[in-house]
Amino acid sequence: MLPAFTELKGKADTLIFDVDGTLLDSMTVWNQADTVFLNSRGFQVTPDYTEYVKSVRIEDAAIYTRERYNLTDTPEQIMAEWNAFVNQAYCYTVPLKEGAYDYLIKARAMGYKTACATALTRRNVDAAFTRLKIHELFDVIVSLEDLPGYPDKSEPDIYLHVAKLLGSKPSSTLIFEDVPAALQGASKGGFLTCAVWDEIGAGSSQTWEEMKSSSDFFFRMWSELSNL
């Protein structure tokens, strides 16, 4: 379980958060976008497809989708269709997970450096964060699209980049993620890790148990942390 701030302070001074499925309750939006897109072309979403696309840049997801299903659509056309579907949700409806705002406020009050490292496009991050008025709660926000040479979160590159921007050491930086591959990537970089439950991110109760056992900390809901 994630310890109270007073106990955590001795272990970490920097907190880096994923966005989709960790701070935002948004993974169902992407699942719907995938379902609508593939169904319109005669295909079904499968668990292994979701497992891959949820942790990579949208450009790589589009290339993968085109090649996997032998589509005539270009990657640019695929991305445009996805973005048209999801951007409305980020602009108008996608909520913060319950309790996430309070946790961020407390972290800032306790003097933690806070940042985001996300596979979400900058356009969608800005749309959601502007509506939710939370930009000011982060020292740094980095998207994978800001780092063309770093294709996904299965390697620690994006976390190392954010830590360098903040002047933080991996060993005293805690990464919050809801996807197994991302937690593994952070661990490779020597970061502390916290598994965050999300129905789509975890995928199954067995995967969640594996995420818990391989992470330094874990919790299911931000609202559980209200007394920290």
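## Pockets

On a 1 Å grid over the protein atoms alone, a pocket is an open set of points with protein on both sides within 12 Å along at least five of seven lines, whereas a cavity is a set of points where a 1.4 Å probe fits but cannot get out, and lining residues are those with an atom within 4 Å of a point. Grid points are joined across faces, edges and corners, and a volume is the space filled by probe spheres set on the points. The model is a predicted one, in which local features need pLDDT of at least 70 and side-chain atom pairs count only at pLDDT 80 or more, while totals for chains, interfaces and linings use all residues. Residues are numbered from 1 along each chain as its sequence is written, and side-chain values use heavy atoms, with hydrogens and water left out.

The largest pocket holds about 220 Å³ of space, and among its 14 lining residues Asp25, Lys97, Trp197, Asp198 and Arg220 lie nearest the centre. Helix H2 (27-39) and helix H10 (199-202) are the elements that give two or more residues to this lining; helices (H or I, at least four residues) and strands (E, at least two) are DSSP runs, numbered from the N terminus. The lining comprises seven nonpolar, one polar and six charged residues, where Ala, Val, Leu, Ile, Met, Phe, Trp, Tyr, Cys and Pro count as nonpolar, Asp, Glu, Lys and Arg as charged, and the others, Gly among them, as polar. The second largest pocket, with a volume of about 190 Å³, is lined by 13 residues, of which Pro47, Thr50, Lys54, Ile200 and Gly203 lie nearest its centre. Helix H3 (47-53) and H10 each supply at least two residues of that lining, which divides into four nonpolar, six polar and three charged residues.

## The cavity

The structure holds one cavity of 30 Å³ or more, and about 340 Å³ of space lies in the largest cavity. Of the 23 residues that line this cavity, Asp20, Trp30, Val53, Lys54 and Val56 are the closest to its centre. H2, H3 and H4 are the elements that give two or more residues to the lining, and H2 provides the largest share, four residues. By class, 11 of the lining residues are nonpolar, five polar and seven charged.

## Helix packing around H5

H2 and helix H5 (residues 75-92) pack at an angle of about 140°, with their axes 10 Å apart; axes are lines fitted to C-alpha atoms, for helices over the stretch in contact, and angles run from 0 to 180 degrees between N-to-C directions. Their crossing is right-handed, a crossing being left-handed if the near helix is turned anticlockwise from the far one by less than a right angle, and right-handed if clockwise. The contact (heavy atoms within 4.5 Å) involves residues including Trp30, Ala33 and Phe37 of H2 and Ile78, Trp82 and Val86 of H5, and its residues divide into 11 nonpolar, two polar and two charged.

Helix H4 (residues 58-68) also packs with H5, at an angle of about 115° and with the axes 9 Å apart, and this crossing is right-handed. Ile58, Glu59, Ala61, Ala62, Ile63, Thr65 and Arg66 in H4 meet Pro75, Ile78, Met79, Trp82 and Asn83 in H5, a contact made up of eight nonpolar, two polar and two charged residues.

## The sheet and its helices

Six strands form an open sheet in the order S3-S2-S1-S4-S5-S6, with parallel pairing; two strands pair if DSSP finds at least two bridges between them. Strand S3 (140-143) and strand S6 (217-219) stand at the edges with a single partner strand each, so one side of each is left without a neighbour in the sheet. The twist averages 20° from one strand to the next.

Strand S1 (residues 14-17) and strand S4 (residues 173-177) run parallel and are joined by four bridges, and Ile16 has Ile175 of S4 as its bridge partner. Helix H6 (residues 100-109) packs on the sheet and touches S1, strand S2 (113-118) and S4, its direction making about 155° with that of S1. Helix H7 (residues 122-132) packs on the sheet as well, touching S2 and S3, and its direction makes about 140° with that of S3.
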